[in-house]
Amino acid sequence: MIALRKRSSCSSQLFPALCALGLAVLGGLSWAVPMDEQDYYLQEISNRDHYYSFPYPGEEYFSFTEQPGEEGTIRASEPEEHPGFKPSRKELKPKKSSKKGKAILEPPPDCPPLGLETLKITDFQLHASTAKRYGLGAHRGRLNIQAGVNENDFYDGAWCAGRNDPFQWIEVDARRLTKFTGVITQGRNSLWSSNWVTSFRVLVSNDSHAWTAVRNESGDVIFEGNSEKEIPVLNMLPVPLVARYIRINPRSWYEEGSICMRLEILGCPLPDPNNYYHRRNEMTTTDNLDFKHHNYKEMRQLMKTVNKMCPNITRIYNIGKSHQGLKLYAVEISDNPGEHEVGEPEFRYIAGAHGNEVLGRELILLLMQFMCQEYLAGNPRIVHLIEDTRIHLLPSVNPDGYDKAYKAGSELGGWSLGRWTQDGIDINNNFPDLNSLLWESEDQTKSKKKVPNHHIPIPDWYLSENATVAVETRAIIAWMEKIPFVLGGNLQGGELVVAYPYDMVRSLWKTQDYTPTPDDHVFRWLAYSYASTHRLMTDARRRACHTEDFQKEDGTVNGASWHTVAGSINDFSYLHTNCFELSIYVGCDKYPHESELPEEWENNRESLIVFMEQVHRGIKGIVKDIHGRGIPNAIISVEGVNHDIRTGADGDYWRLLNPGEYMVSVKAEGYTTATKNCEVGYDMGATRCDFTISKTNMARIKEIMRKFGKQPISLSLRRLRQRARQWRQRR
């Protein structure tokens, strides 16, 4: 095999020899290059110094050549570690030597996914021999892609070949020389059919015409595929191969099904300083943050590090424990941590209710690092936000589920491993259904006992020990009841959209129906504030993650119009507390590779900050008595909006509203009702709208009578007694 020597410069005396060397190499590769394209490959080989003059330290690249009598045989030099990417400790573990003493080939260095699942690989880079129909075309052959609800949907759950024979293939164009190291495969995602590939070959090419199969001493390597349709299977190439194209050729498939595949390719793009297009479009970040996946111990240590860096504005606490006894840690960021300051709103981000949706967890950990660093640097925007807001960050609601997903790794966990708690409960839908209680009360106009439109009490059955409620859910509810949150976002994964309540349809006969809250205009603005500042959510050019295209609503969706869910955290938060909560789906890939975290941070950073700032939109104030004491549990009503809120323990309140003029009323038991016109402007910052209310006459009488140890007499009861005496006298 002819090896190309790496160098950064050459002398003029060596140039003729190198040209001859290049022609010799071209001759050796001419079997794979059409005649009309040989000029291109001569240029590519003569320019290959530019690739190799910027190598990673100790890096050796792999190439394939034709050997006499062995057409298509793969030849490669020894693999060495690729330091350009941090290895993921749980992914692609190296194999140990066998007990018999025979050496087993260790897998090559950890190259990241090319990006089929994250959509970094576009539809135009995917090709196939045939397709059963458009909805099962090559563009659907992406790892973990989800199908539509209906069979034969326009968006289906895999690439499926038009014929079942060993001549079918699906191909990925990396668009640049890439060191391919592995292939991950799945079967077809479908509720109705079972299709997967049980074995396949892997081929590579530089021109998509001449292909070389991965071989070993006995011939073409046949890789073991899937034994069912959802669990991903990883196959590492015996040695990494450098090429532009990679092709998967199914050789056998489930006997009762057909050829259907979803896949991801592992590969390291080679450095190409001459390619301006790629350099310009590569995402970088200037933030000095810890871009890695953190297990439970590492997450806790990172929180301690942030607290040590910023002890004056941070506090670590826990809200309870998981089913396996892991503490649910939160970090508070405030200029006065540990205390609720009168007039200061409280905000929360939570993530990891589904343990395998890991991106939200890492974004919250990155956010707490970022806010600490920017506060120390004197960033006025962050300083203002921290001084005027009490922020709570809970990165891992379901640490037990995360542990399962973490052990499998970012690419091998599939779509659902770790989603549920240890006892099999979906936390996101485990809250009491208060929607039905409210709507039944509204429909029964003659009912004597009306359910309030806010702070609806939790049903007794839900509070019983026998109820199917996760301990994590109970911990979150207690947390929500303890702290007067105003606004919150729960970060989820698998899509790029912001969902706002209601999440449950009102009609019993529908599974999808737009079901607005009385504050629909506010929720739509809150959702848009996040989506519009995200780098991709409102980009009309981006590809839909799976089957839903949310561009018609600018990257937002009413939860019930998407899919109905009873007992969601969003609906419960709105109906049981003062907090307006939204679900923020931060990425198509639930568990992206570590190398993707800097880009995902850049995608979401501005949105995370802008959404927090919305807690200061609307009106705020204090409800006091004539002595200046705050009145707790006073009801704040806005004319035309059938949803009230209540004051906190100190009499302070915050009411999220869009710009406009509102008639606001306040009432409290034993006090007179007061009404005031409050105007909300377009500038950021809630309008101050305080109330001072006095006690009613009856309340004052009761207070005086209690002071002197006597019980007040009800006037209506006294009239009844007088009438009874008069009736007896007449007899």
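Me: What volume does the second largest pocket have?
Reply: In this predicted model, the second largest pocket has a volume of about 1300 Å³. Its lining is made of 47 residues, and those closest to the centre are Gln-146, Ala-147, Trp-415, Trp-562 and His-563.

Me: How do the lining residues divide into nonpolar, polar and charged?
Reply: The lining of this pocket holds 22 polar residues, along with 13 nonpolar and twelve charged ones. At least two lining residues each come from strand E16 (495–500), helix H13 (559–562) and strand E18.

Me: Switching to Asn-578, where is its place?
Reply: Asn-578 sits in the loop that runs between helix H14 (569–576) and strand E18 (580–587).

Me: And is Asn-578 buried or exposed there?
Reply: Asn-578 counts as buried because its relative accessible area is 19%, and the cut-off for buried is under 20%.

Me: Which side chain does the side chain of Asn-578 make a polar contact with?
Reply: That partner is the side chain of His-455, at 2.9 Å, while the backbone oxygen of Arg-646 lies 2.7 Å from a polar atom of the Asn-578 side chain. Leaving aside residues up to four places away in sequence, Asn-578 also touches others, including Phe-485, Val-486 and Ile-645.

Me: Last topic: which residues have the most contacts inside the largest nonpolar core?
Reply: Tyr-349 and Met-371 do, in a core of 91 residues, to which helix H6 (residues 358–377) gives the most, with ten residues. There is also a second, separate core of 28 residues, with Ile-121 and Val-202 among them.

Technical notes. Residues numbered from 1 in each chain as written. Predicted model: local features only at pLDDT ≥ 70, side-chain atom pairs only at ≥ 80, totals over all residues. Heavy atoms only, no water. Helix = DSSP H or I, 4+ residues; strand = E, 2+ residues; numbered from the N terminus. Buried < 20%, exposed > 50% of the residue type's maximum accessible area, 1.4 Å probe, protein only. Polar contact = N/O pair within 3.5 Å; in protein donor to acceptor, adjacent residues only side chain to side chain. Contact = heavy atoms within 4.5 Å. 1 Å grid on protein atoms, 1.4 Å probe; cavity = no way out; pocket = protein on both sides within 12 Å on 5 of 7 lines; lining within 4 Å. Points joined across faces, edges and corners; volume = space filled by probe spheres on them. Nonpolar A, V, L, I, M, F, W, Y, C, P; charged D, E, K, R; others polar. Core = buried A, V, L, I, M, F, W, Y, C linked by side-chain atoms within 4.5 Å.
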